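Please keep the sequence and the model at hand while reading.

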Amino acid sequence: MSGEIIYSDVTFTRHQNQDTGAESEVSNGVAEREEDVTYSEVRRPGGRASEQEDPGKGRDPCNSDPTPPVGSKATIPEGGSGRVPVVILVCLCVLLLGLAITLGVLYASNMTSLQAEGACFAQMKGNLTGKLHDLQDSYKRLQNETLIITVQEELFSSGLRDCEANLTRVKDLLATIQGNPKECNADTKPCSPGWEFYNGSCYYFFQGKRTWEQSQYACIHDGGHLVIIESQQEQEFIIDTFVRSTDFDNSPWIGLTDKKQEGVWVWMDNATLDDRIKFWDQNTGSLNPPEPNDWTPGEDCARMGQSCSTQVKCWFDFACDKPCKRICESRAVCESRAATR
């Protein structure tokens, strides 16, 4: 670059020689001691030769000292000073371009990875949300089931307490009757209103339908139990009084079951069925086996009311969880000769 200027300041100190000091006089005849001189020169590259100072100017012609003249001149080749910065700038640009490309590639790669991870995260979030909803639904169902179980437990406990209280009353009443039997008079009735007296017991035919177990609890609540048949006379009394119809729907529960052990029938007082006093229907035809036949899916409780060949309404086993009518029996509070048959 031709317009560039270089400044140079150089200071030289020259000491006079004792032998030649007297002879160093300038042409105007004035002898002087040469002081320290500082030369400063500015030269533009490519300048004219006439602008250059005479290299011999200021030099003592009589002095044979080979010391070069005091002064400083610097020459910069034309156009040489601008090449190095340009190369450096080009290198810097190339480095920056490479760095930018590298950063762009890394950014694109990271963005792709982030997008893939974001999609995976969204899918996982959806799955977890669905599982959370399922768990919430399951928790609500468990709460409802727990509430239902709690209510059922309270009802069962209440029913059990009632049964225990009724059983206690029945035992107390039975002990009183057995310990102090007496005859009924005009003011004392052997049975409660609606109950039928026979041979020291009272009977009631309830029309409401319940399962066998529910019927047993209901009879206990009323101060008795499901009927226990101990003779043919008692069987005939019950049939004549309550089960006049041969309608299947009119057949009531009696207190006989083999729920504890299949084929072993026992009454409500845990007495085993006497083979001499039983009224199972034995002539049901060729398609049905004799009673009790434990018809599928299982028949473990006894009903009475169907007609059989002996003209005495017979017993038959039936599913205990089916609702039917019932006959309850309880001890009479007193003995009535007129009512005894």
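Which residues are buried in α2? In α2, the buried residues are Trp212, Ser215, Gln216, Ala218, Cys219 and Ile220, where buried means under 20% relative accessible area, exposed over 50%, and partly exposed in between (1.4 Å probe, protein chains only). Helices (H or I, at least four residues) and strands (E, at least two) are DSSP runs, numbered from the N terminus.

This is a predicted model, in which local features need pLDDT of at least 70 and side-chain atom pairs count only at pLDDT 80 or more, while totals for chains, interfaces and linings use all residues. Residues are numbered from 1 along each chain as its sequence is written, and side-chain values use heavy atoms, with hydrogens and water left out.

**Disulfides**

- A disulfide is a pair of cysteine sulfur atoms within 2.5 Å, and by this rule the count comes to 3 disulfides.
- Cys191 and Cys202 are both buried.
- Another disulfide is formed by Cys219 and Cys328, whose sulfur atoms are 1.9 Å apart.
- The torsion about the S-S bond of Cys219 and Cys328 is about -75 degrees, so this disulfide is left-handed.
- This pair also links distant parts of the chain, with Cys219 in helix α2 (residues 212-221) and Cys328 in strand β10 (residues 324-331), 109 residues apart.
- Both Cys219 and Cys328 are buried.
- Cys301 and Cys320 form a disulfide as well, with their sulfur atoms 2.0 Å apart.
- The link of Cys301 and Cys320 is right-handed, with 100 degrees about the S-S bond.
- Cys301 lies in strand β8 (residues 301-306) and Cys320 in the loop between β9 (314-318) and β10, so the pair ties together parts that are 19 residues apart in sequence.
- Cys301 is buried, and Cys320 is buried too.

**Other cysteines**

- Cys91 is in no disulfide; the nearest cysteine sulfur belongs to Cys93 and is 9.2 Å away.
- Cys91 counts as partly exposed, at 44% relative accessibility.
- Cys120 is also partly exposed, with a relative accessible area of 39%.

- Two strands pair if DSSP finds at least two bridges between them.
- Strand β6 (residues 253-257) runs antiparallel to β8, and 2 bridges join them.
- Thr257 stands opposite Cys301 in β8.
- β8 and β9 likewise run antiparallel and are joined by 5 bridges.
- Cys314 in β9 has Gln306 standing opposite.

**Glu329**

- Glu329 is part of strand β10.
- Although buried, Glu329 has no salt bridge, and the nearest side chain of opposite charge is that of Arg331, 6.6 Å away.
- A salt bridge is a side-chain nitrogen of Lys or Arg within 4 Å of a carboxyl oxygen of Asp or Glu; Lys and Arg count as positive and Asp and Glu as negative, while His and the chain ends are not counted.
- The side chains of Glu329 and Ser201 are joined by a polar contact of 3.3 Å.
- A polar contact is a pair of N or O atoms within 3.5 Å; within protein, one must be able to donate a hydrogen and the other to accept it, and residues adjacent in sequence count only if both atoms are side-chain atoms.
- Leaving aside neighbours within four places in sequence, Glu329 is in contact (heavy atoms within 4.5 Å) with residues including Trp195, Cys202, Tyr203, His225 and Glu234.

- Helix α3 (residues 232-241) has as its buried residues Glu234, Gln235, Phe237, Ile238, Ile239 and Thr241.
- These buried residues of α3 pack against β3, β4, β8, β9 and β10.
- Gly223 follows α2 and has a positive phi, near 90 degrees.
- Gly223 is placed in the loop between α2 and β5 (225-226), and is partly exposed, with a relative accessible area of 27%.
- Gly223 and Ser330 are 6.6 Å apart in space, C-alpha to C-alpha, and 107 residues apart in sequence.
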